[in-house]
Amino acid sequence: MDRVSQSKKMEDFILLKTKCQRVIGDGVSTYLVFGLFDRHNGFAAALYSKENLLNNVLAAIPPELSKDEWVAVLPRTLVAGFVETDMDFQEEAQTSGITITFVTIEGWVVIIASIGDSRWIFESTEGDIYHLSANHRFECDEEERDCVAAREVLIVWKNHHPGFSP
């Protein structure tokens with residue numbers, strides 16, 4: 001089952017692919033992908049990322065890997081896919097922003113990549129809550145601020161947290 005949808009308010013896009021295949025046609029090496037693309041300042045980045053991020057991640061994965069090798073390279077290829085998608089979108093010179101939570105489930109292995117303040121929270125059958133991704137908002141994450149500042153990027157945003165000064 002593959003689903004791509006948009007919220008009723010036309011703000012967020014969701015990608016759900018339940019039968020992705022590592023080895024095309026074998027029917028055994030399947031994995032699940034879930035993506036939440038939350039728009040900020042226009043929907044262009046959310047729509048573009050929903051349509052291109054998974055393909056960019058898959059293009060970064062070397063061919064003919066075993067299951068364990070595939071799982072091992074997935075975190076690096078997720079980073080590469082995020083970077084490629086961002087660079088491609090920037091070439092279109094549109095003003096838009098996005099937060100993304102992107103989850104890949106291969107057997108018992110869950111790998112999560114996120115940007116912005118989108119988060120993945122897991123509730124166990126016992127009712128325990130697990131925060132599986134981090135908040136990358138500037139006012140909440142000193143490491144994120146330092147990382148961006150090291151790139152000498154000018155950050156301008158409105159309505160920042162009153163107790164935060166970059």
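**Labels and their grounds**

Tutor: In the largest nonpolar core, which has 21 residues, the members that touch the most other members are Val 33, Phe 37, Leu 53, Leu 74, Leu 78 and Phe 102. At least two residues of this core come from each of strand 2 (12-21), strand 3 (30-40), helix 1 (44-59), helix 2 (67-91), strand 4 (97-106) and strand 5 (109-115), and helix 2 gives the most, with six residues. This is a predicted model, in which local features need pLDDT of at least 70 and side-chain atom pairs count only at pLDDT 80 or more, while totals for chains, interfaces and linings use all residues. Residues are numbered from 1 along each chain as its sequence is written, and side-chain values use heavy atoms, with hydrogens and water left out.

Student: What makes a set of residues a nonpolar core?
Tutor: The members must be buried Ala, Val, Leu, Ile, Met, Phe, Trp, Tyr or Cys residues, joined through side-chain atoms within 4.5 Å. Buried means under 20% relative accessible area, exposed means over 50%, and partly exposed lies in between, with a 1.4 Å probe and protein chains only. Helices (H or I, at least four residues) and strands (E, at least two) are DSSP runs, numbered from the N terminus.

Student: Which residues does Leu 74 touch, not counting residues up to four places away in sequence?
Tutor: Leu 74 touches Val 57, Ile 61, Thr 104 and Ile 111, where contact means heavy atoms within 4.5 Å.

Student: Why is Val 83 called partly exposed?
Tutor: Its relative accessible area is 42%, and because that value lies between the limits of 20% and 50%, Val 83 counts as partly exposed.

Student: Why is the pair of Tyr 31 and Trp 70 called tilted?
Tutor: By the pairing rule there are three aromatic pairs. Rings of Phe, Tyr and Trp (its six-membered ring) pair if their centres lie within 6.5 Å, and planes under 30 degrees apart count as stacked, over 60 as edge-to-face and the rest as tilted. The ring centres of Tyr 31 and Trp 70 are 4.7 Å apart with the planes at 45°, so this pair is tilted. Tyr 31 belongs to strand 3 and Trp 70 to helix 2, 39 residues apart, and both are buried.

Student: What angle lies between the planes of Phe 82 and Phe 102?
Tutor: The angle is 90°, with 6.5 Å centre to centre, and the pair formed by Phe 82 and Phe 102 is edge-to-face. Both of these residues are buried.

Student: How do you know that Lys 67 and Glu 106 meet in a salt bridge?
Tutor: A salt bridge is a side-chain nitrogen of Lys or Arg within 4 Å of a carboxyl oxygen of Asp or Glu, and for Lys 67 and Glu 106 the N to O distance is 3.7 Å. Lys 67 lies in helix 2 and Glu 106 in strand 4, so the pair ties together parts that are 39 residues apart in sequence.

Student: Are Lys 67 and Glu 106 buried or partly exposed?
Tutor: Lys 67 has 37% relative accessibility and counts as partly exposed, whereas Glu 106, with a relative accessible area of 6%, is buried.
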